[in-house]
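I set out to record what I looked up in this structure, entry by entry.

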Amino acid sequence: MAGDTVRNRRKALGNGAVAAAGLLIVMFAVYASHQPTALTLFGVGNLLNNTIVLALAATGLTFAILCGEFDLSGPGVIAIANVVVATTSAGSLGAAGSFGLVLLIGLVVGGLNGILVAYLGLQSLAVTLGSLIACQGVALLILPAPGGQVVDSIAYGITGNIMSVPVPALLLALTIVFWLLLRQSRMGLAIYAVGTDQAAAGLSGLNIRTTKLFAFVLAGLFYAIAGFVFSAEIGSGDPRISDSFLLFMFAAVAIGGTSLFGGRGGVLGTLAGAGILTVLQKMLFALGVADFYTNIFNGIIMILAILFGQASAYLARRPERRGT
Amino acid sequence: MTDKDLANPSQATEFGLRSSRRQWIGSEIVPALTVFAATALLVVGMKIANPSFGSFEQITAILVTAIFLVVASFGQGLVILLGGIDLSLGVIIGIGGMMIAEWTHGSNDALLYAIPLTLLCCLGIGLINGLGVAIAGIPPFIVTLASGITFYGVGLGFTAGNSQQPVAPAIQHFMSSRWLGVPYPVYFIVVFVVIAWLFQNRSAEGRKLYAIGSSPGAARILGLPMAPLTIAVYAISGLCAGITGILLAGYSSSATLDMGNALLMPSIAAVVIGGARVTGGSGIYLGTLAGALFLSTLSTVITTLSLSQGFRDLVQGGVIIIALLLQRGRLNLRSR
């Protein structure tokens, strides 16, 4: 029975993701018609470079939200990852070593969040607010002022091409493949089940605690990767630069049709949401709209996306009710 | 978040056991008193470590800088009491400060209409948040996030991002002068706290907010005016943010659109440290006040010790999690 509910909910999520993807295509078309270079390999690579950090970070957030929990710690992990890469990658650790260290940081922060929320039953919003502020503090302690140096092999490696395919495109493809595999797995189903109805999931034998811990750890790892890629893009460390990410991460998830109450939505929608937020800025710029008005459009698109998501979820539920 | 009670069975049974109002308030006051005690301990500890600290001057200085968080966290506390959250608070503070600076242009002449107009605009943003939550039925997290982003854009559009006119001297004077040796802001805090406390914990409206926050379904069946109260709470939060913006502009004698952002997270932290659940329906105003005073004092102490800001953030984050763990211990102890 829980499986049926999950399947129905997932049918509904399809609508949100499809709508977001549709909007993304329309916006990209408008952008491309005003900016002919948009369709060249360089233009696409550039766009992907601008999207990939938000896409990875918002993907991490999606895992936590799908199982019905909030996670505000993302920008904190990204900040630590950034300053760690900026201070260690040029030293003895090297590129690979700093990547390992960054992953470890994501694992630790995500693990702590998960233990506090899943095993000690604390409120996720409050816990991750605490870990966000603490992580930002740690980042400031590691690197009090902007500076440091990201080693060239990372900076050029991540932003460049492998066999004329932009690396961000590969990362995006890997994320999608990972998501599709996860969604089919037992753990993926468990995440949806826990987010949809925790009591029912528990009664049907799923381990709620492990599922939530898994989601938080996965989120932490994705934030860490996002921080690593972000470092490669800006080429130096700045403990404060990721502060503004939080709103856009949530915006990407919300626009992508994932319900903030959990159990409905998915990573594909989130990726489309991140794309929309990036293309929106480029589209408005290409249309000659002043830079600061993009914020207004960001806000309005968020609200419209949510209203649309609610409407589609409502429509998706109606026939189901009639049938039973 | 509807299954919050299921996630924490001890909490669910506890609501059922709460019969008398006095008993309820009584149990909620423990975290508030703990945080007050921690604040006092912080001051006394500093006094021992550094005898020049803790003079009357310094205590009042701490209170003056605490005014922003005290005012802002009241609105945030009410919203959280309803099970919502106000993420637009930082932006509204910035907008309030920018408006008062823009309209007064460093003279007192315009103050008579500038203050009410500024407060009205901030209240209006709160009202929009409330309408989005209560009428459109959009999750508070999204509504306030989106309105924050949107109005930040509007603010940027009007100011082109960088105008910082001097604020009316009267407001600067208010923030920096004393009467009978005590700074004006301290009187302001006292009056504000009394009004806030009376509203949240001693008025019929306040009681209704607790009812809605702890069980929206039951409140609806009881026939409580859910939508008007919800809208009013978000409007009050906007109003408080507006007051904070005016005071902050007076304190720093100029305004930037970003100046409120640093208060958003602490305003939520103050409510949480004070013992409220972010899922709504619990916590008392004295807890929020204690949380705000604690965070402000902590900030001052760390500045006095000339520790880095990173250390301050680390401690603040740790304090939130410790407060949550203590809260959990308290709940388990009582349900036993």
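**Helix crossing in chain B**

I looked up the handedness of the crossing of H13(B) and H14(B) and found it right-handed. The model is predicted, and I read every entry below with that in mind. H13 of chain B spans residues 261–273 and H14 of chain B spans residues 285–304. Their axes come within 7 Å and cross at roughly 125°. An angle over 145 degrees would count as roughly antiparallel and one from 65 to 115 as roughly perpendicular, and H13(B) and H14(B) are therefore oblique to each other.

I then listed the residues that make this contact. H13(B) contributes Pro266(B), Ala269(B), Ala270(B), Val271(B) and Ile273(B). From H14(B) come Thr288(B), Gly291(B), Ala292(B), Phe294(B) and Leu295(B).

**Contact between the chains**

I next turned to the contact of chain B with chain A, which takes 42 residues from chain B and 39 residues from chain A. On the side of chain B that touches chain A, the elements giving two or more residues are H1 (4–7), H7 (140–159), H13 and H15 (309–335) of chain B. Of these, H15(B) gives the most, with 13 residues. I recorded the classes on this side of chain B as 24 nonpolar, 13 polar and 5 charged residues.

**Nonpolar core**

I looked up the largest nonpolar core and found that it has 212 residues. The residues with the most contacts inside this core are Ala57(A), Met249(A), Val272(B) and Ile320(B). Helix H10 of chain A, residues 208–234, gives the most to the core, with 17 residues.

In chain A, Ile320(B) is in contact with Ala126(A), Leu129(A), Gly130(A) and Ile133(A). In chain B, its contacts are Ala269(B), Val272(B) and Ile273(B).

**Ala272(A)**

Is Ala272(A) buried or exposed? I counted 25 C-beta neighbours inside 10 Å, so Ala272(A) is buried. Ala272(A) is found in helix H12 of chain A, residues 267–286. Apart from neighbours within four places in sequence, Ala272(A) is in contact with Ala17(A), Ala20(A), Ala21(A), Leu24(A) and Gly256(A). I also checked Phe230(A), 42 residues from Ala272(A) along the chain, and noted that their C-alpha atoms are separated by 19 Å.

How values were computed
Residues numbered from 1 in each chain as written. Chains lettered and ligands numbered in written order. Predicted model: local features only at pLDDT ≥ 70, side-chain atom pairs only at ≥ 80, totals over all residues. Axes fitted to C-alpha atoms, helices over the stretch in contact; angles between N-to-C directions. Helix = DSSP H or I, 4+ residues; strand = E, 2+ residues; numbered from the N terminus. Parallel < 35°, antiparallel > 145°, perpendicular 65-115°, else oblique. Left-handed = near helix turned anticlockwise from the far one by under 90°. Contact = placed C-beta atoms within 7 Å. Nonpolar A, V, L, I, M, F, W, Y, C, P; charged D, E, K, R; others polar. Core = buried A, V, L, I, M, F, W, Y, C linked by C-beta atoms within 7 Å. Buried ≥ 20, exposed ≤ 12 C-beta atoms within 10 Å, placed from the backbone.
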